[in-house]
Amino acid sequence: MNLSCGIVGLPNVGKSTLFNALLSKQVADASNYPFCTIEPNVGIVEVPDERLAVLAKIVNTQKIVPAVVKFVDIAGLVSGASKGEGLGNKFLAHIRETDLIVYVLRGFEDEKVVNAGSTNPKSDLETLKTELILADLQTLEKQSEPRGKPSKEQLIGWQAVLKLREALNQGREAREVNLDDEEMIQIKQLNLLTLKSIIVVLNVSEKDPLLLDTSKIEKIEGVESNDVIAISALVESELAVLERQEKEEYLKSLGLEKSGLERLIQRAYEKLNLLSFLTAGEKEVRAWTVVKGTKAPQAAGVIHTDFEKSFIKAQVCSIDDFVREGGWKGVKEKGLVRFEGKEYEMKEGDVVEFMIGA
């Protein structure tokens, strides 16, 4: 699986600038005026992973395939978007298929930038959340009570719809509603926007002390403190054009250990309970993304669907052992390779070779 994130915000909060920076190239029109993004911009971003280059040297391959994140940049929402104001529902639909929503809030001052509707981070977030709640209510209102002799599943689904309608009409988001596992299964296909995990990105100036200490960010009601990340879109834009060593030096000069992109992706992985396992051979070194708790056959199926059905065993070792012993030959000689069966749950940093039957 690959992680997908929808980026939303009011006009002129720096969404497109941030999107361009994340992609390390200008693929969106970062104009200073509302509605410059009139079609969703979709970009594929590599997940930074220094382990891959180390593995590539050990197994002597030139091909490195990192895990990726898909970012979908949506036109600036305005109050009334759920009813068609601005660019309306057309753009809300683009984020229904994403795994996670990134709210970008304006935390900088710039007289040159038109401030279309943005007042302060807290009120901006409330505007955005309200529009997504209203859009979800429209989806729920289209659902009708099952007639005739409904199945158990239909009844469970309808009960979930009624619960959600009541909560959203009270201004609560879908993820705040206490739904059991069966109810979640039945409403999953609705792709409710407010049921998705969220991360809040506060776009600040390059000199803002919040870049160094996010604990000083004023608490935003309804958002966990560790779900708020301070990023400077301007800094990310400057990093995008630098070589690796230059990036490291620039970050160090700012007192930062990681770029905004790295921190955003790391938090997204944590929010969605994801991990990466690795494959290392002469053809390529590659990172694969799965949900924590994924068992070996299903992990093999991520590589190729047929592998899950034909799974026999997995040859596994930790990346630390693999690097220290210089590859498969070394870890086998030291007895550091494990042969795991169908019940094995993949771990972060596992280096794996799957044994597949005919």
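How many bridges join β2 to β4, and do the two run parallel or antiparallel? In this predicted model, 6 bridges join β2 to β4, and the strands run antiparallel. The views below start from this pairing.

**Figure 1**
Strand β4 spans residues 68–73. On the β2 side the pairing is antiparallel, and Val-42 has Val-72 in β4 as its bridge partner. On the β1 side, 5 bridges join β1 to β4, and these two strands run parallel. Here Ile-7 has Asp-73 in β4 as its bridge partner. Of the 6 residues of β4, 5 are buried, so the strand is largely enclosed by the rest of the structure.

**Figure 2**

**Figure 1. The pairing of β6 with β7.**
Strand β6 covers residues 197–203 and is joined to β7 by 4 bridges. The two strands run parallel. Val-200 stands opposite Val-228 in β7.

In soluble globular proteins, nonpolar side chains tend to be buried together. The largest nonpolar core of this model has 72 residues, of which Phe-71, Tyr-103 and Leu-264 touch the most other members. Strand β5 (residues 100–106) gives the largest share of this core, 6 residues. Leaving aside residues up to four places away in sequence, Leu-264 touches Leu-22, Phe-71, Val-102, Ile-199, Val-201, Ile-229 and Ile-231. A second, separate core has 15 residues, among them Leu-140, Ala-160, Ala-174 and Leu-190.

The model contains 4 aromatic pairs. One of these is the edge-to-face pair of Phe-277 and Phe-354, with 6.0 Å from centre to centre and 90° between the planes. Phe-277 lies in strand β8 (residues 274–280) and Phe-354 in strand β12 (residues 350–356), so this pair ties together parts that are 77 residues apart in sequence. Because buried means under 20% relative accessible area, Phe-277 at 0% counts as buried, and so does Phe-354 at 16%. Phe-322 and Trp-328 form an aromatic pair that is also edge-to-face, at 5.2 Å centre to centre and 85° between the planes. Both Phe-322 and Trp-328 are buried. One aromatic cluster is formed by Phe-277, Trp-288, Phe-311 and Phe-354.

**Figure 2. Two asparagines with positive phi.**
Most residues other than glycine have a negative phi. Asn-191 has a phi near 50°, a positive value in a residue other than glycine. Asn-191 sits in the loop between α6 (181–187) and β6 and is partly exposed, with a relative accessible area of 23%. Asn-273 also has a positive phi, about 60°, although it is not a glycine. The loop that holds Asn-273 runs between α9 (260–271) and β8. With a relative accessible area of 37%, Asn-273 is partly exposed.

**Figure 3. Thr-17 and Glu-236.**
Thr-17 is found in helix α1 (residues 15–23). At 28% relative accessibility, Thr-17 counts as partly exposed. From C-alpha to C-alpha, Thr-17 and Glu-236 are 8.8 Å apart in space, while in sequence they are 219 residues apart.

**Figure 4. Confidence along the chain.**
The mean pLDDT of the chain is 85, and 87% of its residues reach 70 or more. Over residues 25–38, pLDDT stays under 50. The model has 40 contacts beyond four places in sequence for this stretch. Where pLDDT is low, the predicted coordinates should not be read in detail.

Notes: Residues are numbered from 1 along each chain as its sequence is written. This is a predicted model: local features need pLDDT of at least 70, side-chain atom pairs count only at pLDDT 80 or more; totals for chains, interfaces and linings use all residues. Side-chain values use heavy atoms; hydrogens and water are left out. Rings of Phe, Tyr and Trp (its six-membered ring) pair if their centres lie within 6.5 Å; planes under 30 degrees apart count as stacked, over 60 as edge-to-face and the rest as tilted. Buried means under 20% relative accessible area, exposed over 50%, partly exposed in between (1.4 Å probe, protein chains only). A nonpolar core is a set of buried Ala, Val, Leu, Ile, Met, Phe, Trp, Tyr and Cys residues joined through side-chain atoms within 4.5 Å. Contact means heavy atoms within 4.5 Å. Two strands pair if DSSP finds at least two bridges between them. pLDDT is the predictor's confidence in each residue, from 0 to 100.
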